[in-house]
Amino acid sequence: MKHRLGLILTGGGARAAYQVGVLKAIAESMPRRAHNPFPIICGTSAGALNATALAVNAVSFRKGVHYLDSIWRNFHANQVYRTDVIGVFNNSVLWLSALVMGSLGFRMPKQVSLLDNSPLVELLDQVLPCEKIQDSIDAGLLYALSVTASGYGSGQSVTFYQGVKDIMPWKRTRRVGVPTKIKLEHLLASSAIPFIFPATKINREYFGDGSMRQIAPVSSALHMGATRVLVVGVSHDDDYDTAKRENIGGYPSLAHVGGHALNSIFLDSMEVDLERVNQINELVNAMSEEERERSNFRAIDVLAISPSESLERLAERHAGDLPWTIRVLLRLVGVRQHSGTSLLSYLLSEKKYCSAVIDLGYRDALARRDEILEFIGLPTCKEQELSK
């Protein structure tokens, strides 16, 4: 079996800036003209945007990462969703009206969401030429790219993938792999945070954020042929700190409930899947060679990189950078200092916060640089020094 390295970039709105910092540290440790080192790239939610940028720029990994770094460091919220008074007011009123209409049994109007992400549509159309994905595949620089979205009609987690012809579609409980040409609509669907951004129609079904119902995030890379996987997550241990419960004196606000729901969607499934992979690896390693062949089980090398600091606390320090219209909206749904900031960390698409998150990812990756380089199959810093 040919060994192929997979890269998994998870979701999380503005939190995905962390991935750029990790990738930057890796790129700087590689030769300047090196191609993309990850034959298989899987992206979900905002991670799908980063994954596609790498696929489009597979001929030069450093250039692709620099491109991402430049975009994220210059982000403004109005490039992702409307922040003007009319845009925010109209969507908020429609969203609240839809909730009332739905409770009374009326059919909800189409494209109802708390925020209008039409600016993101324009931005992605400019910065991500998806037609170049096939060029990377044809040049042998990319084996496969996948983007995962959740079907509101079927209830399935659908992984749309574009790759070599050898990859076969798959079907498992509540999840399928579908070959297609990755387009803008797939990226919008994968990053459509529930309630916050509108669903996207692909063929006959509406899709939302890919992190919903993604019960086995690592599996897509394995189905496409990865034998070892690097996972760049966006959660920190503080996101699960039970001590936070002491700070909740009253009934949870809408923002607190929303942030809790988003954490469950974006963070929990990857943590559970990584734990499951480690358990299977322990089982496989305890089996004899004969038992492994008979069961068709194999160990999967997985390396996970995640924030060493809480992105929620980082978001608290940059909350004032958001446009006043969004600050007012978030305050209305219950975002306060030390309360509801989990929701804030997903929506804070402002350059100071994104730059701080990128820098955190960069520092975390540098602290584990030799471990990462060895996992990827590149010379460690010490080996590079000895070869000079």
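## Asp-359 and its salt bridges

Asp-359 is partly exposed, with a relative accessible area of 31%. This value, like the others in this report, comes from a predicted model. Asp-359 forms a salt bridge with Arg-73, and the closest N and O atoms of the pair are 2.7 Å apart. Arg-73 belongs to helix H3, residues 61–73, while Asp-359 belongs to helix H14, residues 351–367, so the bridge ties together parts that are 286 residues apart in sequence.

## Other salt bridges

The count of salt bridges comes to eight. One of them joins the side chains of Asp-84 and Arg-82, with an N to O distance of 2.7 Å. Asp-84 has a relative accessibility of 32% and counts as partly exposed. Arg-82 is also partly exposed, at 28% relative accessibility.

Another salt bridge is formed by the side chains of Arg-228 and Asp-301, at 3.7 Å from N to O. Arg-228 is in strand E9 (residues 228–232) and Asp-301 is in strand E10 (residues 301–305), so this pair ties together parts that are 73 residues apart in sequence. Both partners are partly exposed: Arg-228 has a relative accessible area of 23%, and Asp-301 has one of 41%. Salt bridges with shared partners also link Asp-69, Arg-73 and Asp-359 into one network.

## The chain as a whole

The chain has 388 residues, and 53% of them are buried. Its secondary structure consists of 16 helices and 10 strands. The accessible surface of the chain is about 18,800 Å², and carbon and sulfur atoms account for 53% of that surface.

How large a share of the contacts between residues at least 6 apart in sequence joins residues at least 24 apart? The share is 76%.

Leu-145 is part of strand E3, which covers residues 144–151. Is Leu-145 buried or exposed? Its relative accessible area is 0%, so Leu-145 is buried. Apart from neighbours within four places in sequence, Leu-145 is in contact with Ile-41, Ala-51, Thr-52, Ala-55, Ile-133, Phe-160, Tyr-161, Gln-162 and Ile-182. The C-alpha atoms of Leu-145 and Phe-38 are 10.0 Å apart in space, and the two residues are 107 apart in sequence.

Thr-44 is in strand E2, residues 40–44. With a relative accessibility of 7%, Thr-44 falls under the 20% cut-off and therefore counts as buried. The side chain of Thr-44 makes a polar contact of 3.2 Å with the side chain of Gln-214. Gln-214 is also among the contacts of Thr-44 when neighbours within four places in sequence are left aside; the others are Leu-9, Thr-10, Gly-11, Thr-148, Ser-190, Gly-210 and Ser-211.

## Arg-175 in strand E6

Strand E6 covers residues 175–179 and contains Arg-175. Which side chain makes a polar contact with the side chain of Arg-175? The partner is Ser-219, at 3.1 Å. Residues up to four places away in sequence not counted, Arg-175 touches Ser-157, Ile-215, Ala-216, Ser-219 and His-223.

## One side of helix H15

Helix H15 runs over residues 369–376, and its buried residues include Ile-372, Leu-373, Phe-375 and Ile-376. Why are these four on the same side of H15? They cover an arc of only 160 degrees around the axis, which puts them on the same side of the helix. After H15 comes Gly-377, which has a positive phi, near 100 degrees.

Val-85, Phe-89, Trp-324, Val-328 and Leu-332 make a nonpolar surface patch of about 570 Å². Two helices, H4 (85–103) and H12 (324–332), each supply at least two residues of the patch. Which helix gives the largest share? H12 does, with three residues.

Val-85, a member of the patch, is found in helix H4. Its relative accessible area of 49% makes Val-85 partly exposed.

Technical notes. Residues numbered from 1 in each chain as written. Predicted model: local features only at pLDDT ≥ 70, side-chain atom pairs only at ≥ 80, totals over all residues. Heavy atoms only, no water. Buried < 20%, exposed > 50% of the residue type's maximum accessible area, 1.4 Å probe, protein only. Arc of directions from axis to C-beta. Polar contact = N/O pair within 3.5 Å; in protein donor to acceptor, adjacent residues only side chain to side chain. Contact = heavy atoms within 4.5 Å. Areas by Shrake-Rupley, 256 points an atom, 1.4 Å probe, with all protein chains shown as cover. Patch = residues over 30% accessible without salt bridge, like charges linked within 9 Å, V, L, I, M, F, W, Y side chains within 5 Å. Salt bridge = Lys/Arg side-chain N within 4 Å of Asp/Glu carboxyl O.
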